[in-house]
Amino acid sequence: MQGQPAHPDQRPGRTGRPGRHPVRVRGHPQPGGGRPMTDDVPAWGAVPTPAGEFRLSPVRLPADLPLLAGWMNDPEVDEFWALAGPPAVTERHVRAQLDGDGRSLPCLGLLDGEPMSYWEVYRADLDPLAAHYPARPHDTGLHLLLGPAAARGRGLGAVLLTALADLVLRRRPACERVVAEPDVRNRRSVRAFERAGFHVAAELDLPDKRAALMVRARALPFAEDDL
């Protein structure tokens, strides 16, 4: 549903985040050592949705690589993820996160036990994205693609985004906002986020695209001064 260039060194906002040079949020002390940001994701557990029981499972390499690479080579996915090609392209994208410091975690989304989506849960306030909007401490970002073609175009993205945003806000009490930055051309993705309770806060000129900054606040309806 949203994407980025294929090579890590072209992705200052996502896979190119090795964790050695974080964007610092003004007035927000940075964590030290270890992998404290997203390691608790596997413990979040499953949640019921109208489509079935949904949960995240961290990507395992090399076991999950054939499935992911197959999805990335679907032209509809490649239009916005730009990771088509041999499995090594996808592996490089995923491994950059797995070998990082835990600020971004690539996951498979399982619906009733079946893998059908790919997610990246990341600390947006510690990501280069934070240089492009007024980030707040513990802002949590989401990237999503629906893998099987049959899963697209029937409202499933909004259902899963709603469930995961609810889960993030419940499991991460320090997080006040869930954010995303789909390409503005990806109207299907933007609509899915809107149906999941996100609002378009701004349009951002990122290195690889013009993005719609989507924000879902914990307690209050979105307002411009929320930024």
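Here is a walk through some strands and salt bridges of this structure. It is a predicted model, in which local features need pLDDT of at least 70, side-chain atom pairs count only at pLDDT 80 or more, and totals for chains, interfaces and linings use all residues. Residues are numbered from 1 along each chain as its sequence is written, and side-chain values use heavy atoms, with hydrogens and water left out.

Let's start with the strands. Helices (H or I, at least four residues) and strands (E, at least two) are DSSP runs, numbered from the N terminus. Strand β3 covers residues 104-111, and Ser104 sits in it. Ser104 counts as buried, at 4% relative accessibility; buried means under 20% relative accessible area, exposed over 50%, and partly exposed in between (1.4 Å probe, protein chains only). The side chain of Ser104 also makes a polar contact of 2.6 Å with that of Gln97. A polar contact is a pair of N or O atoms within 3.5 Å; within protein, one must be able to donate a hydrogen and the other to accept it, and residues adjacent in sequence count only if both atoms are side-chain atoms.

Now follow the chain into β4. Strands β3 and β4 form a hairpin with 2 residues between them, and Asp112 in the turn has a positive phi of about 50 degrees. The two strands run antiparallel, joined by 8 bridges; strands pair if DSSP finds at least two bridges between them. Leu108, for instance, has Tyr118 in β4 as its bridge partner. On to β5: 7 bridges join β4 to β5, again antiparallel, and Glu120 stands opposite His143 in β5. Strand β4 (residues 114-123) is largely enclosed by the rest of the structure, because 8 of its 10 residues are buried.

What about charged side chains? The structure holds 14 salt bridges, each a side-chain nitrogen of Lys or Arg within 4 Å of a carboxyl oxygen of Asp or Glu. One of them joins Arg152 and Glu76 at 3.2 Å, N to O. Arg152 lies in the loop between β5 (140-146) and α4 (156-171) and Glu76 in helix α2 (residues 75-81), so this pair ties together parts 76 residues apart in sequence. Arg152 is buried at 13%, while Glu76 is partly exposed at 37%.

Another salt bridge links Arg60 and Asp64, with the closest N and O atoms 3.4 Å apart. Arg60 is exposed at 51%, but Asp64 is buried at 7%. Then there is Asp205 with Arg210, at 2.6 Å: Asp205 is exposed at 57%, and Arg210 is partly exposed at 35%. Finally, salt bridges that share partners join Asp74, Glu76, Arg152 and Arg188 into one network.
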